[in-house]
Amino acid sequence: MEVFTAIIIGLIIGALGRLVVPGKQNIPIWLTLLIGVVAAILGTLVAGAVGVDDTSGVDWIELILQVVFAAIGVAIAAGAYGRRRVH
């Protein structure tokens with residue numbers, strides 16, 4: 001069940017990451033969602049490494065880490081994908 005939850009959270013994180021990055025990102029939605037899932041996993045791992053993954057209430061630091069990873073991933077993918085496509 002945790003994997004399913006991580007995927008759902010990752011989809012939301014991907015969308016948030018895309019919203020945080022300024023400008024238009026010419027990447028497909030499936031790539032945004034994949035980046036979100038990976039960012040959610042990375043954010044959870046980093047939060048666990050620094051000891052902020054299990055707090056009472058909402059784990060804001062973990063959520064912020066996940067969104068930051070997603071924004072970085074979206075920015076990198078947009079740059080790489082944009083260079084690859086010929087207009």
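Me: What makes the place of Gln-66 a helix?
Reply: Gln-66 sits in helix H3, residues 60-84. A helix here is a DSSP run of H or I with at least four residues, numbered from the N terminus. This is a predicted model, where local features need pLDDT of at least 70, side-chain atom pairs count only at pLDDT 80 or more, and totals for chains, interfaces and linings use all residues. Residues are numbered from 1 along each chain as its sequence is written, and side-chain values use heavy atoms, leaving out hydrogens and water.

Me: Why is Gln-66 called buried?
Reply: Its relative accessibility is 5%. Buried means under 20% relative accessible area, exposed over 50%, and partly exposed in between (1.4 Å probe, protein chains only). So Gln-66 counts as buried.

Me: Which residues is Gln-66 in contact with, leaving aside neighbours within four places in sequence?
Reply: Ile-9, Ile-13, Ala-39, Ala-40, Gly-43 and Thr-44. Contact means heavy atoms within 4.5 Å.

Me: And Leu-11, why is that one buried, exposed or partly exposed?
Reply: Leu-11 comes out at 31% relative accessibility, so it counts as partly exposed. Leu-11 lies in helix H1, residues 2-20.

Me: How do you know how many helices and strands the protein has?
Reply: The count gives three helices and zero strands, with strands taken as DSSP runs of E, at least two residues. From the N terminus the order is α-α-α.

Me: What share of the protein is buried?
Reply: Buried residues make up 31% of the 87 residues.
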